[in-house]
Amino acid sequence: MKLVIGASGFLGSHVVRQLVESGERVRILIRETSDTRAIDDLDVERVIGSLRDPGVVTTALDGCDVVFYCAVDTRSWLPDPAPLYETNVEALRAVLDVAVKADLQRFVFTSTLATIGRVQGRKATETDAFNWADKAPEYVKSRVAAEDLVMTYVRDRGLPAVAMCVSNTYGAGDWQPTPHGSFVAGAALGKLPFIIKGCSSETVGIDDAARALILAADRGRIGERYIVSERFLDLGEIVAIAARTAGRPAPRLVLHRPVLYVCGAYGSMMAKLTGKPRQMTLTSVRLMHIMSPMDHSKAERELGWHPLPVPDAVAEGARFWLDRVARRRAARSAPPAG
């Protein structure tokens with residue numbers, strides 16, 4: 001039995017789907033309020049409750065040999081970082097305290113590329129320790145603390161964990177959507193008035209990211225971390241791919257990085273004055289481009305992971321939004337039953 005925690009999220013739902021399609025028995029641990037649209041068609045066992053409840057976690061772990069931990073709060077724009085640490089660190093700690101007592105083969109932890117150090121003159125690798133705390137927002141610091149916590153449980157308590165440092169994911173099924181996925185949705189639907197250039201980051205297709213986690217359950221070395229990313233890609237190119245897939249011209253207005261920082265400064269100021277979160281802040285703009293290009297060859301060598309080109313995944317994400325809108329329109333125009 002495989003347990004997926006965070007199964008309703010973009011990555012978690014794809015892990016669940018691939019496991020089910022491969023014939024695995026799957027159990028998921030979700031909250032009562034979780035949006036499960038992405039997995040409602042799948043035959044999985046559900047445990048409902050809080051990650052902070054040891055009894056619930058114990059029930060979820062019973063009989064499982066592998067845990068895929070995909071639960072994360074990605075709201076980097078929150079003025080108050082307390083919820084980030086509550087979910088990304090303290091809820092994780094509660095799960096780990098139960099997991100170390102279970103007979104697990106692997107605990108596959110979803111981390112982020114933001115825990116990798118920044119370098120110059122070469123691609124960064126898993127050996128590059130986090131080295132930019134002076135520039136990192138609280139969101140990133142919460143993710144670094146989470147990865148460090150998992151590795152502490154590996155060293156001190158024998159947890160058979162691996163950390164998967166996942167980049168920005170693209171593809172179908174981004175229901176929310178994710179912050180970076182919102183650019184794909186906006187471009188595909190003609191609702192994005194501008195194109196951004198000068199902000200490049202590491203990217204990966206969502207199906208490939210999920211496949212990397214599943215491969216790590218069998219082949220990942222305990223205590224190691226793996227970069228899960230396919231290529232360094234400019235956000236402007238991502239927007240152009242999504243627009244082209246939808247048969248639309250790319251937005252004519254081009255925003256370069258300095259303009260984004262002006263917008264981010266305004267968003268940060270308004271968030272501070274009003275106390276209400278804004279997605280466009282100095283923090284969110286910085287995260288669009290601050291990381292170094294990455295080398296994912298370790299995952300290729302040790303896991304046998306070979307990702308497909310990200311542009312194909314971006315196009316799939318665009319088609320997902322086009323199909324979703326088409327279905328809504330068809331439902332509205334259908335005659336009433338009876």
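Colleague: Which residue has its charged end over the ring of Tyr 226?

Modeller: First, some background: this is a predicted model, where local features need pLDDT of at least 70, side-chain atom pairs count only at pLDDT 80 or more, and totals for chains, interfaces and linings use all residues. Residues are numbered from 1 along each chain as its sequence is written, and side-chain values use heavy atoms, with hydrogens and water left out. A charge sits over a ring if NZ of Lys or CZ of Arg is within 6 Å of the ring centre and within 35 degrees of the ring normal. Here Lys 298 does that, with its charged end 4.9 Å from the centre of the Tyr 226 ring.

Colleague: And how many aromatic pairs does the structure hold?

Modeller: Rings of Phe, Tyr and Trp (its six-membered ring) pair if their centres lie within 6.5 Å; planes under 30 degrees apart count as stacked, over 60 as edge-to-face and the rest as tilted. The structure holds five such pairs. In one of them, the planes of Tyr 69 and Phe 107 are at 25 degrees and the ring centres 5.9 Å apart, so that pair is stacked. Tyr 69, Phe 107 and Phe 109 form one aromatic cluster.

Colleague: Is Tyr 69 buried or exposed?

Modeller: Buried means under 20% relative accessible area, exposed over 50%, partly exposed in between (1.4 Å probe, protein chains only). Tyr 69 is buried at 1%, and Phe 107 is buried at 0%.

Colleague: What about Phe 130 and Trp 132?

Modeller: They make a tilted pair, 5.4 Å centre to centre with 55 degrees between the planes. Phe 130 is partly exposed at 24%, while Trp 132 is buried at 2%.
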